[in-house]
Amino acid sequence: ADPDFIRKVREGNADRINICIACNQACLDRIFSDRSATCLVNPRACRETEFDEGPAKARRRIAVVGAGAGGLAAGAEAGRRGHEVTLFEASHQIGGQINLARMVPGKVEFDEMLRYYGGQIAEHGVELRLNTAPSANDLAAHFDAVVVASGVRPRVPEIPGIEHPKVVTYTDLLSGKRNAGRRVAIIGAGGIGFDVAEYLCHSQPGEAPKARGLDLAEFQAEWNVDASLEKPGGLLGDPLAPCQPTREITILQRKASRPGATLGVSTGWILRSSLAKRSVKTITGVTYRNIDNAGLHVLIDGAPHVIEADTVVICAGQESNRSMFDALQAGGIDTHLIGGAKEAAELDAMRAVDEGVRVAQAL
């Protein structure tokens with residue numbers, strides 16, 4: 001994550017250290033699938049010769065729209081190279097979708113990513129404008145180039161009853177705008193659907209979300225760890241023994257393939273085990289019929305079923321927010337598109353950070 005770790009400590013700059021967030025996505029997962037390793041928070045890792053560490057040849061006025069993972073990386077790198085950078089963020093805080101990810105148990109390390117990049121944009125003189133959504137005309141009038149990192153919005157499937165009050169998007173759930181009841185149906189069995197299920201397993205019905213760090217005593221109790229090491233194997237019992245679930249959760253997907261196919265090679269088994277301990281159900285090959293007061297109506301193997309639910313969470317993918325890019329490009333402005341705004345696949349911070357650094361190198 002940071003090859004200058006020791007030097008920064010020695011110089012009294014520990015606050016500038018880039019910290020590993022323990023995602024395994026770019027290192028172990030790539031190695032295990034016969035690809036070269038790198039690092040989500042440091043795309044230079046194992047690719048050092050592909051980057052220019054010197055200043056830009058000419059100083060330019062650069063606007064970056066969106067302060068998610070890609071926008072932060074682009075703004076920090078452009079500032080480091082000597083450009084005059086303004087970073088626009090429509091919300092009241094930096095981070096974008098990272099602020100949702102950090103609400104999931106086990107992902108509080110994303111706080112360090114925001115700390116690091118927040119420090120980087122300050123160190124390199126990037127002007128940060130929160131609660132600001134510039135127009136295409138304003139950007140065209142005041143900047144030499146624009147990087148559009150405006151991210152994604154949840155895709156809402158066309159299901160009759162999708163406007164029912166019990167329906168909530170994953171963004172509204174994890175941001176605290178909405179809470180979930182005791183019986184929950186999750187539409188979508190990708191990484192986000194599994195993360196939402198994990199979040200719901202560790203919170204009570206009606207409880208507002210809170211970022212969860214690792215509580216050692218709670219972890220040991222959950223997995224039957226014998227902290228005294230007096231028992232054989234350091235276990236008080238079966239670590240996979242069921243826990244008392246706080247909710248009835250069902251994850252559904254249209255495809256008949258294995259749910260959670262996009263989970264990490266080296267970490268997905270942990271999440272699957274955690275959900276299995278709490279009796280979370282997964283159903284594949286589903287056809288969605290409608291949503292009403294009774295819950296989510298589906299067809300399974302051609303037969304009608306009702307998934308009784310107090311809350312239906314939509315985790316059915318994302319759509320790109322790229323209208324700003326299209327408007328600027330139509331006006332002939334030097335414009336670059338990165339991250340989720342470029343490709344609304346599974347939320348991919350690794351790709352967003354890599355694209356952010358590389359586009360800043362090309363400015």
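The model is a predicted one, so local features need pLDDT of at least 70 and side-chain atom pairs count only at pLDDT 80 or more, while totals for chains, interfaces and linings use all residues. Residues are numbered from 1 along each chain as its sequence is written, and side-chain values use heavy atoms, with hydrogens and water left out.

Now for the aromatic rings. Searching the whole structure turns up two aromatic pairs (rings of Phe, Tyr and Trp, the last by its six-membered ring, pair if their centres lie within 6.5 Å; planes under 30 degrees apart count as stacked, over 60 as edge-to-face and the rest as tilted). One joins phenylalanine 88 and phenylalanine 143: the ring centres sit 6.0 Å apart and the planes are at 85°, so this pair is edge-to-face. Both phenylalanine 88 and phenylalanine 143 are buried (under 20% relative accessible area, with exposed over 50% and partly exposed in between, using a 1.4 Å probe and protein chains only).

The rings of tyrosine 116 and tyrosine 117 have centres 5.1 Å apart and planes at 75°, which makes that pair edge-to-face too. Tyrosine 116 is buried at a relative accessible area of 11%, and tyrosine 117 is buried at 5%.
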